[in-house]
Amino acid sequence: MKSRIGYAAWVAGVAQFFVAHVIAESAWARPYSWARNNISDLGNAHCAMQSEPEPRYICSPEHGLMNASFITLGTLLAVGVFFTGAVWRRGASPLVVRWLLACAGMGFVITGLAPADVHENQHVLGALLIMAMGNIGLVLAGVGLADDVPGPLRWATSLLGVTALIAFGLFLSHRYLGLGMGGMERVAAFPLLVWALVTGVRGLFHQATRMRMQDAPPKRHGMQASHS
């Protein structure tokens, strides 16, 4: 039951985030751009021209919804980390991985509580927890997952983490490779969310299949003797 709660928390957290993202960006009078705008622009509390890191006008009418979604996402990510014990190996290293991923959850909570145009330093701290600590945790999670987790998922986990870390470095150095500032930021931030969603869905499906097998009546191995 604990694992099911954890998997469901991951799925619900990521799903509600993307729903809120679509709602918040749709409310912009000037079109919101995944390439030109940061994710955090959706949570800015004031309408203003911003010059850093790239010039853009920000006015997010649904900033309250977006910030609540950040907080919800971070809380559910952390809940999932602590409840999905069955998907992790035992030992100190997997425990460190889980704490790193929980730091990413804390980072999302901080970004929601501290919008970038209100508490910039705290917001930057939250972003670092997500894209530095969280992505390091994602790289290491590939070897921290339990042995019964399929090999392709373990390799994909580490690959997502490496991709996200490289993208984070490119984002900090203002090298966007044609994706734009917002595009590169998403390559740095979204792999963790994609991983949590896929792992959560896979875990729920696996749990449901196991329960069906346990509830199924035992197979009869032979024909009953006929009545004489």
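In the predicted model, the axes of helix H3 (residues 92–113) and helix H4 (residues 120–144) approach to within 7 Å and cross at roughly 155 degrees. Because angles over 145 degrees count as roughly antiparallel, H3 is roughly antiparallel to H4. The crossing of these two helices, H3 and H4, is left-handed. The residues that make up the contact of H3 with H4 comprise 18 nonpolar and eight polar ones, and no charged residue is among them.

A disulfide is a covalent bond between the sulfur atoms of two cysteines. One disulfide is present in the structure. Its partners are Cys47 and Cys59, with an S to S distance of 1.9 Å. The torsion about the S-S bond of Cys47 and Cys59 is about 45 degrees, and the disulfide is therefore right-handed. Cys47 is located in the loop between helix H1 (2–26) and strand E1 (48–50), while Cys59 is located in the loop between strand E2 (56–58) and helix H2 (63–83), so the bond ties together parts that are 12 residues apart in sequence. Cys47 has a relative accessible area of 46% and is partly exposed. Cys59 also counts as partly exposed, at 22% relative accessibility. Another cysteine, Cys103, counts as buried because its relative accessibility is 18%, and the cut-off for buried is under 20%.

A pair of aromatic rings is described by the distance of the centres and the angle of the planes. Across the whole structure, 11 aromatic pairs were found. One of them is formed by Phe17 and Phe70, whose rings are 6.0 Å apart, centre to centre, with 40 degrees between the planes, a tilted arrangement. Since Phe17 belongs to helix H1 and Phe70 to helix H2, this pair ties together parts that are 53 residues apart in sequence. Phe17 and Phe70 are both buried.

A further pair consists of Trp34 and Phe190, with ring centres 5.9 Å apart; the planes stand at 75 degrees, so the pair is edge-to-face. Distant parts of the chain are linked here, as Trp34 lies in the loop between H1 and E1 and Phe190 in helix H6 (residues 180–215), 156 residues apart. Phe17, Phe70, Trp34 and Phe190, together with Phe18, form one aromatic cluster.

Definitions and conventions. Residues numbered from 1 in each chain as written. Predicted model: local features only at pLDDT ≥ 70, side-chain atom pairs only at ≥ 80, totals over all residues. Heavy atoms only, no water. Axes fitted to C-alpha atoms, helices over the stretch in contact; angles between N-to-C directions. Helix = DSSP H or I, 4+ residues; strand = E, 2+ residues; numbered from the N terminus. Parallel < 35°, antiparallel > 145°, perpendicular 65-115°, else oblique. Left-handed = near helix turned anticlockwise from the far one by under 90°. Nonpolar A, V, L, I, M, F, W, Y, C, P; charged D, E, K, R; others polar. Disulfide = S-S within 2.5 Å. Buried < 20%, exposed > 50% of the residue type's maximum accessible area, 1.4 Å probe, protein only. Phe/Tyr/Trp six-rings, centres within 6.5 Å; stacked < 30°, edge-to-face > 60°.
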